Amino acid sequence: MCDETISKVLVQCDIDETFYRFPGGTVEFGETTLEAITRELIEEFDLAITIGSLVVINENLIIIDGKEIHNCTLLYKCKLQTGSNFVDPRWHNEIEGIKLTWKTIEELQLKPLYADGILNVLKNMSTDEKHHIIIKKSY
């Protein structure tokens, strides 16, 4: 998320905005989370950011057809680097039809948002709080 007031967040979605998710990606061996977020935004959107404090740790413990999966999403406050020219929406460099766009908390309530549980935190948090969410589901 990339707005100090937490009134708007930067999310990825498809052309029709059928879902929202936070930009970033998989941490590769030998890099930190902060390095992965920075790398992914540069590679995917030519977007330079400055990463601030950690806001949310979201763990999803999921069982699908008996197979256990554990994902962890780390959400940080971020700022666009000074001089960044952000055109809204900003299109993905590698995957056609994926865009990066600013959305208000109210807009995020209208479509599915990944990762589970983060929307409730965003709606109710002050800018100094940190949260750890654990979601357990079976399918």
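Surface patches are made of residues with over 30% relative accessible area and no salt bridge, with like charges joined within 9 Å and nonpolar side chains (Val, Leu, Ile, Met, Phe, Trp, Tyr) within 5 Å. The structure is a predicted model, in which local features need pLDDT of at least 70 and side-chain atom pairs count only at pLDDT 80 or more, while totals for chains, interfaces and linings use all residues. Residues are numbered from 1 along each chain as its sequence is written, and side-chain values use heavy atoms, with hydrogens and water left out.

A nonpolar patch of this kind is formed on the surface by Ile64, Ile69 and Tyr139, which together have about 280 Å² of accessible area (Shrake-Rupley method, 1.4 Å probe; for residues, only the protein chains shown count as cover). Tyrosine 139 follows strand E8 (131-138) and, at 56% relative accessibility, counts as exposed (buried means under 20% relative accessible area, exposed over 50%, partly exposed in between; 1.4 Å probe, protein chains only).

Turning to the overall fold, the protein chain has three helices and eight strands (DSSP runs numbered from the N terminus, helices being H or I with at least four residues and strands E with at least two). From the N terminus on, the order of elements is β-β-α-β-β-β-β-α-β-α-β. Buried residues account for 42% of the 139 residues, and the accessible surface of the chain comes to about 8100 Å², 52% of it belonging to carbon and sulfur atoms.

Charged side chains come next. The structure holds seven salt bridges (a side-chain nitrogen of Lys or Arg within 4 Å of a carboxyl oxygen of Asp or Glu). A network of them links Glu28, Glu31, Arg39, Glu40 and Glu43. Arginine 39 is buried at 17% relative accessibility, and glutamate 40 is buried at 11%. Glutamate 43 pairs with arginine 39 as well, at 3.4 Å between the closest N and O atoms. These two residues lie four apart in helix H1 (residues 33-45), so about one helical turn separates them. Glutamate 43 is partly exposed, at 38% relative accessibility.

Finally, the aromatic side chains: the structure holds one aromatic pair (rings of Phe, Tyr and Trp, the last by its six-membered ring, with centres within 6.5 Å; planes under 30 degrees apart count as stacked, over 60 as edge-to-face and the rest as tilted). The ring centres of phenylalanine 86 and tryptophan 102 are 6.2 Å apart and their planes stand at 65 degrees, so the pair is edge-to-face. Both phenylalanine 86 and tryptophan 102 are buried.
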